[in-house]
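Visitor: I am new to this structure and would like a close look at one part of it. Could you pick a single spot and walk me through its surroundings?

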Amino acid sequence: MDKKPNRKDPGGVSRRDFIKGVGRGALGTAVLAPLRGQTIGTKKGRVPVYERKTITLIVNAKKIDLAVEANETLLDALRDRLDLTGAKKVCDRGECGGCTVLLDDVPVYACMTLAVRADGKTVKTVEGLAEGGKLHPVQEAFIEKDGYQCGYCTPGFIMTTSAFLEKNPAPSLDEIKLALSGNLCRCGNYAKICGAVDTAAKKMKGA
Amino acid sequence: MKGKEYISVARGDAEGQARVAATAAEKPAAKPAEPRPEPKAPEFKYIGKPTARVDGREIVTGRAKYTHDIKLRGMLIGKILRSPYAAAEIVAIDLAPALALPGVMAALKLAEGKVRYAGQQVAAVAAVDERTAEKALALVKVEYKTLPHVVDWEKAGDAGAPQVRDDKPNVERINEYSRGDVEKGFAEADVVVERTYRTGFEVHNPTETHGSVAVWEGDHLVVYDSTQGIHGVRDGLARALKLPAANVTVIKNYMGGGFGSKLSLGDYTVAAANLARQAGRPVKMLNSRRDNAVCVGYRPSSRQTYKVGAKKDGTIVAFSLLNFASGGIAAGDDVAEPVVDIYKCPNCKVEEHTVFTNVGAQRAMRAPGHTQGAFGLESVMDELAAALDMDPLELRRKNYSARNLGDTGLPYSSKGLDQCYDLGAKAIGWERRNRRPGEGSASGPLRRGIGVASSIWFGAGSPGTLADVVLYPDGSVEVVCGTQDIGCGTRTHMAVVAAETLGLEPKDITVKLGNSDYPWAPISGGSLTTPSVAPAVRDAALKAVERLKAVAAARLKVEAGDIVMADRKFASKSDPAKSASFAEVCRDLRRETVFHGERGGMPGDQYAFNTFGAHFAEVVVDVETGRIRVLKYAAAQDSGRIINKLTAESQVVGGITQGLSAGLYEERVMDDMTGSVVNPNLRDYKIATSLDIPEIEILFADIVDPRINNLGTKGLGEPARVPSSPAIANAVYNAIGVHVREIPMTPQRVLEALKRKEAGS
C-alpha cells in the first residue's frame, strides 16, 4: 500500500506519529526510536525530536514561557509543568473528553494536541474559568443541579459546555446532548449534566 | 470482596437453612421481639431535602486533587511490565539493563514461575520521569516459555482444554442451594417455562485508572490511593510489607470512579511502596487505560438456565437455576440471590459453576451477581407471564414475598417493593404497554414496548462504624470519619446529618474523611457507606448536643432539661429571655471537644434487612436494523430514608445509565489466538453517551425503617443498578415479541432473535 504523503510535511514526521510516539510501554519506545534525529514542523520552524522548544502560551490570562519537548502533549505540559491538574488524563487518546481545554476559545482534547502547536495561543483550563473568585455560571449550574458524581470528567464537561453556550446560548435538549457527546461520564450522570447545561444557559442569558 | 460478605447471615449456613425450612411453608411468623423504640419522626430541615454538595466548588474549579493529581517533591514515576502471554513459564528476568539506564532509580521482579493471563505483572521500575520509565521497561529482559492457554470460557470446560490453575480443574461448583422439592413442584405446575440467558463481560473502566503514590516518612508509609476502602488497603499493605498497621496511612481525598474494582489492595500499590523504599523517594504508579482493561477486573459472564413452573393463576410453584459463570483465573459470581429471594416460591433449587480461563481475575462490579441474576430471573418472569397470558406486573405482585426465604428466612424489616411497583407503573404509563409481547401497532420498522424489572440488594450498613464530631471553642464544627467519598456525596451526607442534629447549616460543617488514621468505616461498596456513616455521625452529633445543652444550662443557670436548641441558640423553655448562642456555648467548652459516635447494631436475628427497587423502561426497536432506543424510564427505589435527595437522584440516574450501557453496548472481547483483550480502550469498548439517555423519572418510596439504624436509612448505589438492564430487555420483548436473552443486546443479537421468532422457536 502506498503511504499517503504528509500534506504539510512530506519529508518529516506526522503529528499522528508523534502522538503514537508518546504511547505507553515497550511499543511506545519502539516507535520512538526511529524518530530520533528527525524534526517536526511548527509555526516557528522545525524542532528536532527530544529537543526542548520554548513556547509562549497565555494560560488562564497569564503569559507563560514554557520549555516543552517536541512530542509533548498540551495535557502533559499543563498537568506536569504548570501543575494545572483540572484537565484529566483518562483515555490519553481522544476518546473521552476528560482533558478538554479551550485553545483560542475552541474546545480541544489536550491529550491529542501537541504543546508546540499551542505556541502563541491562549489556553483556558477549568482553573481559569472563575473570575475573581466568582464562579462561572456553568460551574454554578453544575453544583446546583448535581451535574457530576465522582467529578473526574467534570472539568472536561464544564469546558465543553462553556464553549458550547458561547456559540449556542439557547440550546434545545437535543442540541445539548449532541454537544456533550464527545465527553464520557462513567458514573452515567448525563441526565443531570444535561440539566446543568440547561440551567447554565438560563443563568447566562439572565446575566 | 463483595458487599454481601458484610451481611451477618450467609445463605447456605445450617442455621439459616433451618429457619428457611421453618418459614417457607408460610406459617404465621413467630411474633418478633419488641423492636427498638421508634424514634419520633422529626420534621427535618436538611435530611431528605436536596442539598448541593459541600465539595462542589472544589470539583468544578479543578482544585479537587485526585490520586492522579498528586505530585510530591522528588517523586519518581513507576511502571509495570506485564506479560504479553496468556500462559507462560518465566525462565528468567534480568533487571540489570533497565537499572543501568540513567534516571532509573529502582526495579523489582514481580513474578516467578507461571503467568496465567496476558497483563499479569512481571517486573516494575521507577525512574525520574515517565519516558525514562517506559524506556527502562523495554530494557527489562524476560525469557518466557509459552504454554497453551484458553481464554474462551465456552471452550475452557472442554476435554483437552489447557488447565488454567494448578490447584483445580477448569470447572468448579461455586454454589448450591435447595428448599422444598422442585420435582414435585414442577409436577404440580400447569405451565413450565425453561430458558437460557447470557450476560457478557462488563469492564468497570472508571475514568481515573487505578493508581497509588507511595512515600516513606522514616518507618511510616503514606500511600495516596485511588481506592474504595482506605482501611482495607492499610491493613493489606501492612500484611504485604510486614509492617505494623499503625505505621501505614492511606489517603484518598477524591477518586474518579471505582464501581467495585477498587475495593481492596492492588498489587501496583505494593509495587509502588517497594520501589519507593528501594529508591528512597516517593513513587507514583498509575495504570494505563489498557492496564485497566486487562488486570483490574470486570463483571464476570453468566449463562443462566432457568426453569419455572406456575399454576394457571400465576402462583409460582417451582424454580430451578443452573448457572455457569466465568471470572478468569478467579471464580465468577454466584447469581442466585434474586431467584431464591425475590418471589415467594416453596420449591427452589440452584446449582452454579465457575469456568476458569487464562484471563485476569474478575472484581466485584456494582451489585455483583445480583445484576446478572436479575437479568436472568426478570427475563424468565416475563416469558412466563407471556406463557400464562398474564400481566408481567401482576405476576410479580402475585408472588410477592414478605420474608427473605433464601438468605435468612426472616421477615423483612421493611419492604417497599409493592410501593415501587405502584409508583413506577404510574410514572411510565404501564397501561400503554402491548398487552401481549409484540402485539403493538407498527410504525414502519419501529416497534414500541414497555417493560419492568424488580430488584433486591443488601445495603443495611455496617454496625461498628465510627465517626467523631469535634466542637472547637470558636464555634466551628468538624465531622471526622475514615470513610471515603467515591462520588456518592458522602461528604455532603455527613455535613447534612451533623448540621441537622446541631441546628446548623451544612456549610458550617468541616468534613474530614479519606484518611485511614480517622475512625473506622467500612469499604464504600455493597451500598454500605450512607447507612454506616450517617448513623454514626448522627450518634456523635446527638452526644454533642447533649453536652452543649448541659453547658448552656450551666451558663444560663437552669436545668439541662429546660434547654431547647434552635437557630444557633440555646434557650430556656421556662424563661425565653435566657439564651446563649451556639458559639458562646462552644466557648464555654474551653478546648476542642471530641464526641465519639457509633453506628449501632440491628436485630439481625429477627429481621432481614434489604433494599428494593422496580424499574420501568419504554423502548423503540427498529426491526430492520436491530437498533434499540430507550425513550422513557421510571425508577422507583426503596432505600429507606433518603439523606440527600439531590445526590440520591444522581445515584439512580447513574444506575439506570450504567444498566442501559451494559444492556445495549458494553462487552469486553477476547482474542483466542493471542489470549488478549481486543478492546482495551474507550473507543472499541462502547460506553453510553449523552445521546443515549432517555427521559428519566425517579421516585423514592422513602420508608423510614426504624429498626435498621437511628436514621432509618438504607443503601442506594447498587439497588439502582440491578434492575436496569432487564427492564430494558423486557421492554424490547414487549416491543418485538421475542426475548433477546443476552446482554448486551447488540443490533446483531436483536436481528438473530427476530429470526428465531420467524422460525417459530
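Guide: Leaving aside residues up to four places away in sequence, Ala52(B) touches Ile143(A), Glu144(A) and Leu646(B); two residues are in contact when their C-beta atoms, placed from the backbone, lie within 7 Å. This is a predicted model, in which local features need pLDDT of at least 70 and side-chain atom pairs count only at pLDDT 80 or more, while totals for chains, interfaces and linings use all residues. Residues are numbered from 1 along each chain as its sequence is written, and chains are lettered from A, ligands numbered from 1, in the order in which they are written.

Ala52(B) sits in the loop between α1 (14-24) and α2 (56-60) of chain B. Helices here are DSSP runs of H or I with at least four residues, strands are runs of E with at least two, and both are numbered from the N terminus. Ala52(B) counts as buried because it has 20 C-beta neighbours inside 10 Å. The cut-offs are these: buried takes 20 or more other C-beta atoms within 10 Å of a residue's own, exposed 12 or fewer, and partly exposed lies in between, with C-beta atoms placed from the backbone. Along the sequence, Ala52(B) and Thr492(B) are 440 residues apart, yet their C-alpha atoms are 7.7 Å apart in space.

Now let us step back to the two chains. In total, 47 residues of chain B are in contact with 50 residues of chain A. On the chain B side, α2, α4 (130-139) and α16 (645-664) are the elements that give two or more residues, and α16(B) provides the largest share, with 8 residues. Sorted by class, that side has 19 nonpolar, 19 polar and 9 charged residues. Nonpolar covers Ala, Val, Leu, Ile, Met, Phe, Trp, Tyr, Cys and Pro, charged covers Asp, Glu, Lys and Arg, and the others, Gly among them, are polar.

Helix α16(B) also turns up beside a helix of chain A. The buried residues of α7(A) pack against α16 and β28 (695-700) of chain B, as well as α4 (137-144), α5 (154-167) and α6 (173-179) of chain A. Those buried residues include Tyr190(A), Ile193(A), Val197(A) and Ala201(A). Helix α7(A) runs over residues 190-206, 17 residues in all, and reaches 24 Å from its first C-alpha to its last, close to the 24 Å expected at 1.5 Å a residue; the expected span is 1.5 Å times one less than the number of residues.
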